[in-house]
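Colleague: I have just opened this one and would like a slow walk through it. Could you show it to me and then take my questions?

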Amino acid sequence: MVLIGLGAIYGGTDYHVGTLSHMGPGFFPAALGGLLALTGVLIALSARSGESGGAAPGEGHAHGLPDLRGGACILLGILAFLLLGHYGGLLPATFAIVFISALGDRKNTVKQAFLLSIAMVAIAVVVFWWALQLQMPLFRWG
């Protein structure tokens with residue numbers, strides 16, 4: 001994270017950065033790169049101090065294998081978004097990515113994942129389709 005953040009800062013300085021009152025095209029990438037680098041440093045510091053409070057690596061199950069459910073659900077959610085976004089539209093794609101990814105958390109129930117997905121679909125319609133006028137249809141058949 002630190003290296004990617006520093007790379008974004010370096011890439012942003014190729015453009016005019018400007019000031020806070022007159023931001024240039026390089027200001028946003030440089031600012032986000034700085035935040036990403038800072039976040040990476042804070043994560044590294046918290047890992048070194050041992051304040052994670054979670055299970056040690058490899059303690060996902062009683063038999064010693066890591067728990068891969070979360071990562072697998074997130075990857076499947078992204079793949080479902082790509083597929084449904086192309087063939088189904090914004091609403092099915094948004095519902096699929098949120099629902100499948102929410103099931104990656106063992107504490108979530110199917111009902112909670114469904115309600116979260118419905119809420120995120122409503123937010124996606126307001127933000128991306130109505131406010132930003134994203135050129136992606138709500139539904140697409142085929």
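Colleague: Before we start, what kind of model is it, and how are residues numbered?

Modeller: This is a predicted model, in which local features need pLDDT of at least 70 and side-chain atom pairs count only at pLDDT 80 or more, while totals for chains, interfaces and linings use all residues. Residues are numbered from 1 along each chain as its sequence is written, and side-chain values use heavy atoms, with hydrogens and water left out.

Colleague: How many helices and strands are in the chain?

Modeller: The chain has five helices and zero strands, where helices (H or I, at least four residues) and strands (E, at least two) are DSSP runs numbered from the N terminus.

Colleague: And what share of the residues is buried?

Modeller: Of the 142 residues in the chain, 22% are buried; buried means under 20% relative accessible area, exposed means over 50%, and partly exposed is in between, with a 1.4 Å probe and protein chains only. The chain exposes about 10,100 Å², of which carbon and sulfur atoms supply 73%, with areas from the Shrake-Rupley method and a 1.4 Å probe, where for residues only the protein chains shown count as cover.

Colleague: Where does UniProt place the feature "transmembrane region"?

Modeller: The unreviewed UniProt entry places that feature at residues 27–47, 74–101 and 113–132; these positions are in the numbering used here, the feature name is shortened, and annotations may be inferred rather than shown by experiment.

Colleague: How far apart are the ends of residues 27–47, and of residues 74–101?

Modeller: For residues 27–47, the end C-alpha atoms lie 30 Å apart and the span is 100% helix and 0% strand. For residues 74–101, the end C-alpha atoms lie 5 Å apart, with 93% helix and 0% strand in the span.

Colleague: What span should helix α2 have at 1.5 Å a residue?

Modeller: Helix α2 (residues 27–49) has 23 residues and should span 33 Å, which agrees with its end C-alpha atoms being 33 Å apart; the expected span is 1.5 Å times one less than the number of residues.

Colleague: Which residues of α2 are buried?

Modeller: In α2 the buried residues are F27, A30, G33, A37 and G40, and what covers the buried residues of α2 includes α1 (2–12).

Colleague: Changing topic, how many aromatic pairs does the structure hold?

Modeller: The structure holds three aromatic pairs; rings of Phe, Tyr and Trp (its six-membered ring) pair if their centres lie within 6.5 Å, and planes under 30 degrees apart count as stacked, over 60 as edge-to-face and the rest as tilted.

Modeller: In one of them, the rings of F95 and F99 have centres 5.6 Å apart and planes at 10 degrees, so the pair is stacked. These two are four residues apart in helix α4 (residues 90–102), and so are separated by about one helical turn.

Colleague: Is F114 with F95 stacked or edge-to-face?

Modeller: The rings of F95 and F114 have centres 5.7 Å apart and planes at 75 degrees, so that pair is edge-to-face. F95 lies in helix α4 and F114 in helix α5 (residues 110–131), so the pair ties together parts that are 19 residues apart in sequence. F95, F99 and F114 form one aromatic cluster.

Colleague: What does T94 touch?

Modeller: Not counting residues up to four places away in sequence, T94 touches F81, M120, V121 and A124, where contact means heavy atoms within 4.5 Å. T94 is found in helix α4 and is buried, with a relative accessible area of 9%.

Colleague: Which residues make up the largest nonpolar core?

Modeller: That core has five residues, L90, L91, V121, M136 and L138; a nonpolar core is a set of buried Ala, Val, Leu, Ile, Met, Phe, Trp, Tyr and Cys residues joined through side-chain atoms within 4.5 Å.

Colleague: Last one, what is phi of Q133 near?

Modeller: Phi of Q133 is near 50 degrees, a positive value in a residue other than glycine. Most residues other than glycine have a negative phi. Q133 is in the segment after α5 and counts as exposed at 56% relative accessibility.
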